[in-house]
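Welcome! Take a look at the sequence and the 3D picture below, and then we will walk through a few parts together.

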Amino acid sequence: MKTFCGRANPTTGALDWVEESEEYDYHQEIARSSYADMLHDTDRNQKYYAGIRAAVARVKARGEKATVLDIGTGTGLLSMMALTAGADFCYAVEVFKPMAEAAKCIVEKNGFSDRMKIINKHSTEVTLGPDGDMQTRANILVTELFDTELIGEGALPSYEHAHQNLVQEGCEAVPHRATVYSQLVESELLWSWGQLQPVMVEGARLAPPPAVTQCAGAHSVCDIQLSQVSPEQFTPLGPLCTMFSLDFSKPVSSAPQSHTSHFPARVSGRAQVVLSWWDIDMDPEGSIVCSMAPSWTYPQPKAAPWRDHWMQSVYFLPTERSVVEGEELSLTVIHDDYSLWYGLQTDRYSPLVPSSATPLCRPCCTCHAHLVWNRPRFGELNDGRRTESYVRALRSVLDVDSVCLSVSDGSLLPVFAQMLGAKKVRHLSLFFILTLSSCILIANSMKGGVELLEIRADQLSSNDLGGQQISVLMGEPYYSTSLLPWHSLFFWYCRTALAKLLRPGAAILPRSATLHAAAVEFQDLWRIRAPCGTCEGFDVSPMDQMVQRSLDFRESREAEPHPLWEYPCRALTLPTAVMTFDFTQCVPEQPINAQGCFPFVRSGSCHGVAIWMEYQLTEEVTISMGLSGDVGEQGACEWSRHRKQGVYFFPSPRQSVGEDGGGGKVSYSFTFEPSSGDISMDDTNAN
């Protein structure tokens with residue numbers, strides 16, 4: 001059965017009604033999962049296996065039968081490990097029905113159906129007793145309920161319920177414990193993602209509103225591949241602290257808790273950011289450890305395991321604080337049942353959270369900025385070189401008679417235009433974004449300098465403009481709903497809707513955008529799309545087949561958004577401009593097509609094509625949302641940290657041969673469809 005679904009189109013701005021299969025949502029969920037990333041994590045798998053073998057051995061040494069409860073079984077891998085290690089029976093719980101069905105196929109394929117029961121429920125719904133899902137309580141608890149923040153997937157409530165209802169007292173748990181580590185640092189780079197900094201416009205200082213600088217910000221964690229942030233880009237102000245541990249073999253509480261670590265400041269500086277990660281001990285002795293530490297903590301960084309399902313966390317303090325070398329500091333972490341947040345106290349004898357008090361409430365944005373701008377967007381606004389480019393471009397198109405209109409979300413461009421002397425400046429955006437813009441204007445004594453309009457571009461009339469025609473239409477372009485590079489073409493659709501309100505010869509900034517692409521070899525990101533086949537000796541091919549069916553449903557024909565600065569890759573072809581969009585003209589009625597090829601210039605395994613936009617602000621000024629520098633001699637790429645790029649993954653890698661080895665190429669056909677605003681790539685090599 002099919003149904004009509006209404007979806008806001010991020011490129012055209014329209015509400016599209018599309019016919020979707022009733023299976024669309026779960027296919028999308030499967031296709032956009034880690035695609036067996038965890039199964040490719042050999043370090044994780046081997047340490048789980050070792051921990052499970054040790055737990056089963058301890059139970060058997062006591063003369064007991066080994067009954068396992070596996071919560072969040074996924075493919076059933078950990079249960080099959082337990083049975084191979086000598087467990088007598090496994091109850092494997094999986095709430096996601098397609099995955100539970102795949103697990104049944106995998107378990108049957110590997111010959112464990114007679115000793116394993118798949119329970120398609122949330123673990124808190126599992127019943128116990130003669131007529132229940134489980135006949136008896138388990139004495140071994142195996143779980144993989146963790147995310148980058150450790151507890152963000154509901155691990156604590158699940159453990160709490162399991163100990164109360166499903167496992168024996170004193171059960172063996174794999175993992176046995178988890179430990180959270182944190183370090184207080186100063187980092188201009190990382191702090192630029194958390195707070196708006198003063199902006200310099202031709203020597204004039206644009207100050208952020210007090211409401212923004214005094215706001216505690218959003219509580220959500222910033223999870224990144226911290227291995228890609230060089231230690232040179234932050235200064236540790238204290239040691240790596242052990243903040244707290246959770247013993248999973250004992251009852252676990254999901255109630256809010258706080259933990260404080262005291263230490264003297266190592267150096268003087270500005271306390272801004274907390275870096276955090278965790279590790280898990282698979283056994284009580286702590287001899288089998290799986291660590292999430294970034295690669296630069298390893299004696300040999302290249303030996304660090306790569307994983308995308310567990311990364312590292314960055315937390316922003318509510319406000320930055322100056323600290324002096326030797327000063328006693330107290331770093332406190334507070335957690336509820338799903339998330340963590342941090343606070344800093346400079347007087348160790350006045351703890352941040354007294355033991356008799358209720359833990360501090362989680363940070364909550366009160367200024368709207370942290371709701372409007374994500375972390376990369378803060379970094380973009382704080383990028384001085386980028387600001388200089390926009391100011392230089394604006395200066396070249398503005399004069400004292402300029403009537404300007406901005407159509408970006410939460411943009412500072414209208415403020416820049418007013419500071420540069422434009423006659424009239426207006427800004428189109430949503431209400432809460434306009435509220436933020438108003439605060440910026442008031443903080444800089446510019447109230448009334450920019451007229452704020454809460455209206456769609458296609459609804460704007462001459463009356464809204466006071467009868468004036470627009471002489472400068474500007475955008476960054478940035479829109480809060482954008483994910484893929486071409487979603488910023490919403491600016492083009494706005495420009496088209498405003499065509500009759502533009503003065504003849506009006507300046508359009510940016511004047512055009514160019515879609516660029518390069519065929520690449522990923523160092524590790526390819527794993528999220530790679531079939532697994534076998535994992536630790538178990539055949540998990542039904543999982544591969546399920547994911548491929550979901551990819552074939554639609555996702556294999558679509559690009560995925562990824563911040564490529566976090567995922568090193570090598571360009572195997574030259575970066576190529578494949579399609580240009582002329583914003584000085586209206587959106588065409590007919591599709592735009594571009595065909596060609598990327599000749600290989602380097603040898604390697606080609607995993608797909610990276611795609612990004614470059615904006616031509618004026619004839620002299622261009623800004624890239626992709627490559628931020630020249631490609632290295634060996635193909636190394638440096639990517640913008642401000643926007644996500646798009647990636648078309650190939651179904652399987654291709655061995656490329658560079659110029660010195662006989663050539664080769666990737667043939668392509670790109671199509672921009674004006675009615676949908678989408679860009680598709682046809683990999684003609686596969687035909």
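## Strands that pair

Two strands count as a pair if DSSP finds at least two bridges between them. Keep in mind that the model you see is predicted.

With that in hand, look at strand β18 (residues 328-335). β18 pairs with strand β19 (residues 340-345) in the antiparallel sense, through six bridges. Four residues lie between β18 and β19, and the two strands form a hairpin. β18 also has strand β14 (residues 257-264) as an antiparallel partner, joined to it by eight bridges.

Which residue of β18 is the bridge partner of histidine 262? That partner is serine 330. Serine 330 also stands opposite glutamine 345 in β19.

Is β18 largely enclosed or open? Seven of its eight residues are buried, so the rest of the structure largely encloses this strand. Buried here means under 20% relative accessible area.

Now turn to the largest nonpolar core, which holds 126 residues. The members that touch the most others are Leu69, Phe146, Leu184, Leu275, Tyr342 and Trp639. Strand β15 (residues 269-281) gives the most to this core, with seven residues. Apart from this core lies another one of 91 residues, including Val201, Cys367, Val372 and Val578.

## A closer look at phenylalanine 146

What does phenylalanine 146 contact, once its neighbours within four places in sequence are left aside? Its contacts are Tyr48, Glu153, Ala155, Tyr159, Pro175, Phe248, Trp278 and Trp310.

Methods. Residues numbered from 1 in each chain as written. Predicted model: local features only at pLDDT ≥ 70, side-chain atom pairs only at ≥ 80, totals over all residues. Heavy atoms only, no water. Buried < 20%, exposed > 50% of the residue type's maximum accessible area, 1.4 Å probe, protein only. Core = buried A, V, L, I, M, F, W, Y, C linked by side-chain atoms within 4.5 Å. Contact = heavy atoms within 4.5 Å.
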